[in-house]
Amino acid sequence: MIEIHPLRDREKLVVIYAKYSVPFGDDSIAIVASDGDELLGCCLFDLDKSKETVHYIDPQDDIMFADGLLRSALHVAVENGIESAFYSENAPVSLFERLQFIKNAETRELNVEKLFTSCKNC
């Protein structure tokens with residue numbers, strides 16, 4: 001059965017972050033999609049008291065799956081009262097552009113408000 005959920009287990013997170021060569025820190029979390037022990041996809045991000053920073057999404061070639069992973073990550077931030085989301089320098093910018101989630105490219109800000117609209121770009 002496929003499950004999509006936040007992962008906060010530090011030992012498991014370290015392994016996933018290393019797999020994608022993403023720096024791991026105290027605020028690191030992931031949304032993971034799995035079928036049993038098989039990792040099907042993930043969104044790696046940091047969540048601190050004021051903002052979320054998205055670092056990586058896999059897969060990027062399945063636009064609907066990637067959209068769902070990103071929306072799940074943004075949902076975690078909103079659930080925690082955080083309404084500011086950004087993407088890191090190495091994040092998949094072209095994916096965010098295709099999904100039309102970029103609010104401000106100069107500041108690398110994501111449009112969290114899109115979380116509450118349907119995916120019209122998939």
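**Ground rules.** I take helices (H or I, at least four residues) and strands (E, at least two) as DSSP runs, numbered from the N terminus. I am reading a predicted model, where local features need pLDDT of at least 70, side-chain atom pairs count only at pLDDT 80 or more, and totals for chains, interfaces and linings use all residues. Residues are numbered from 1 along each chain as its sequence is written, and side-chain values use heavy atoms, with hydrogens and water left out.

**Entry: helix H1.** I looked up which residues of H1 (residues 10-19) are buried, meaning under 20% relative accessible area, with exposed over 50% and partly exposed in between (1.4 Å probe, protein chains only). They are Leu13, Ile16 and Tyr17. These three cover an arc of only 100° around the axis, so they lie on the same side of H1; the arc is that of the directions from the helix axis to the C-beta atoms. Glu11, Val15, Ala18 and Lys19 are exposed on the other side. I then checked contacts (heavy atoms within 4.5 Å) and found the buried residues of H1 packing against strand S1 (2-7), strand S2 (28-35) and strand S3 (38-47).

Entry: At 66% relative accessibility, serine 21 counts as exposed.

**Entry: the cores.** I searched for nonpolar cores, which are sets of buried Ala, Val, Leu, Ile, Met, Phe, Trp, Tyr and Cys residues joined through side-chain atoms within 4.5 Å. The largest has 27 residues, and Cys43, Phe45, Val54, Ile57, Leu70, Phe96 and Leu110 have the most contacts inside it. Two or more residues each come from S2, S3, strand S4 (52-58), helix H2 (63-79), strand S5 (85-87) and helix H3 (93-98). H2 gives the most, with 8 residues. Another core, of 10 residues, lies apart from it, with Tyr17, Tyr20, Val22 and Ala30 among them.

**Entry: rings.** How many aromatic pairs does a search of the whole structure find? I got 3, counting rings of Phe, Tyr and Trp (its six-membered ring) with centres within 6.5 Å; planes under 30 degrees apart are stacked, over 60 edge-to-face and the rest tilted. The ring centres of tyrosine 87 and phenylalanine 96 are 5.4 Å apart with planes at 50°, so this pair is tilted. Both tyrosine 87 and phenylalanine 96 are buried.

**Entry: serine 88.** I found serine 88 in the loop between S5 and H3. Serine 88 is buried, with a relative accessible area of 13%. Its side chain makes a polar contact with the side chain of histidine 55 (3.2 Å). Such a contact is a pair of N or O atoms within 3.5 Å; within protein, one must be able to donate a hydrogen and the other to accept it, and residues adjacent in sequence count only if both atoms are side-chain atoms. Not counting residues up to four places away in sequence, serine 88 touches Thr53, Val54, His55 and Arg108.

Entry: Arginine 108 sits in the loop between strand S6 (102-104) and strand S7 (109-110), and its phi is positive, near 60°. At 33% relative accessibility, arginine 108 counts as partly exposed. I also noted a cis peptide bond between aspartate 58 and proline 59, with omega about 5°. Proline 59 lies in the loop between S4 and H2.
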